[in-house]
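Student: Please take a close look at one part of this model, the salt bridges and their surroundings.

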Amino acid sequence: MIVSAWQDGHGSSGLRILEANVSLYFRPEWKTVSVYLPDAADPVVMPLTDSFWEGSPELRSSQIKAFFVRNGLAPWEKQMPPNFELVPLGEGVFRLEWIVKPRGQPSLPLS
């Protein structure tokens, strides 16, 4: 699923999930989820808060904020956050992957 970076303007950061994907990939019985970041060996464990289920589906963590800063992603232009692929691995475990735009190839010469 595609997710975007999120910040609340008060110092909190995380990953925003589309509301349509919440019921597809998350279970109400899960109290936390674990997310493996592209540049870390250990997963980040994040709570699924009441607000996650009530219209604010963000996975919030200071470790996510540190990931953004470490990789030069924060700050970003207003309403232009970076996007990622969040891959479900099963039972509340996910892997965050980079989305890389494909580079075009140089034009071929006409002659």
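Student: Is Arg 60 buried, partly exposed or exposed?

Tutor: Arg 60 is partly exposed, at 34% relative accessibility; buried means under 20% relative accessible area, exposed over 50%, and partly exposed in between, with a 1.4 Å probe and protein chains only. This is a predicted model, in which local features need pLDDT of at least 70, side-chain atom pairs count only at pLDDT 80 or more, and totals for chains, interfaces and linings use all residues. Residues are numbered from 1 along each chain as its sequence is written, and side-chain values use heavy atoms, with hydrogens and water left out.

Arg 60 meets Glu 58 in a salt bridge, 2.7 Å from N to O; the term requires a side-chain nitrogen of Lys or Arg within 4 Å of a carboxyl oxygen of Asp or Glu. Glu 58 also forms a salt bridge with Arg 16, the closest N and O atoms being 2.7 Å apart. That pair links distant parts of the chain, with Glu 58 in strand β5 (residues 58–60) and Arg 16 in strand β2 (residues 13–16), 42 residues apart. Strands are DSSP runs of E, at least two residues, and helices are runs of H or I, at least four, numbered from the N terminus. Glu 58 is buried at 5% relative accessible area, whereas Arg 16 is partly exposed at 37%.

Arg 16 is also among the residues that Ser 4 touches, contact meaning heavy atoms within 4.5 Å. Ser 4 lies in strand β1 (residues 2–7) and is buried at 15% relative accessibility.

Methods: Lists of a residue's contacts leave out its neighbours within four places in sequence.
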